[in-house]
Amino acid sequence: QVQLGESGGGLVQDGGSLRLSCAASGRTFSSYVLGWFRQAPGKEREFVAAASWSGTNYADSVKGRFTISRDNAKNTVYLQMNSLKPEDTAVYYCAAREGSRRFDAKSYDYWGQGTQVTVSS
């Protein structure tokens, strides 16, 4: 069982930066794939980034602007978001799964409560 809790969301101007954090419980944190997803009003939840022990993946829309990282000693995964755009506005969710990195939300078993990110133009 893994419990996740996000923090770090807020309001930022176009071109600004934010860093999201997701603290996780569980003794086997390092073995889980950690992912970030986002959901804008009226849209489906979409993949943003994922990290496992072997590597990372990013959605094309955030590649080069967002960086996912994890600190296994602190049981925390981060999402550094730079050059933010109004279209990045969404609720951002942290998620976890065992096994390989996946891009579909249905593959993830554990979810945080979400944190709002709003980018003003």
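Guide: Two strands pair if DSSP finds at least two bridges between them. The model discussed here is predicted.

Visitor: How many bridges join β9 to strand β11?

Guide: Strand β11 covers residues 115–120 and runs antiparallel to β9. Within this pairing, Val 91 has Gln 116 of β11 as its bridge partner. The number of bridges that join β9 to β11 is 3.

Visitor: What is the bridge partner of Leu 34 in β9?

Guide: Strand β4 spans residues 32–39 and pairs with β9 in the antiparallel sense. The pairing of β4 and β9 extends over 8 bridges. In β9, the partner of Leu 34 is Ala 96.

Visitor: How many of the 9 residues of β9 are buried?

Guide: Buried means under 20% relative accessible area. Cys 94 has 0% relative accessibility and therefore counts as buried; this cysteine lies in β9, residues 90–98. The strand is largely enclosed by the rest of the structure, because the number of its 9 residues that are buried is 7.

Visitor: Which cysteine forms a disulfide with Cys 94?

Guide: A disulfide requires cysteine sulfur atoms within 2.5 Å, and by this rule the count comes to 1 disulfide. The sulfur atoms of the pair are 2.2 Å apart, and the partner of Cys 94 is Cys 22.

Visitor: How many residues apart in sequence are the parts that this pair ties together?

Guide: Cys 22, buried with a relative accessible area of 1%, lies in strand β3, residues 18–24.

Visitor: Is the disulfide left-handed or right-handed?

Guide: The handedness follows from the torsion about the S-S bond of Cys 22 and Cys 94. This torsion is about -80 degrees, so the disulfide is left-handed.

Visitor: Which are the edge strands of the open sheet?

Guide: The open sheet consists of 4 strands with antiparallel pairing, in the order β1-β3-β8-β7. Each edge strand pairs on one side only, and these strands are β1 (4–7) and β7 (66–71).

Visitor: Which residue of β8 stands opposite Ile 68?

Guide: Strands β7 and β8, the latter comprising residues 76–81, run antiparallel and are joined by 6 bridges. The residue of β8 opposite Ile 68 is Leu 79.

How values were computed:
Residues are numbered from 1 along each chain as its sequence is written. This is a predicted model: local features need pLDDT of at least 70, side-chain atom pairs count only at pLDDT 80 or more; totals for chains, interfaces and linings use all residues. Side-chain values use heavy atoms; hydrogens and water are left out. Helices (H or I, at least four residues) and strands (E, at least two) are DSSP runs, numbered from the N terminus. Buried means under 20% relative accessible area, exposed over 50%, partly exposed in between (1.4 Å probe, protein chains only).
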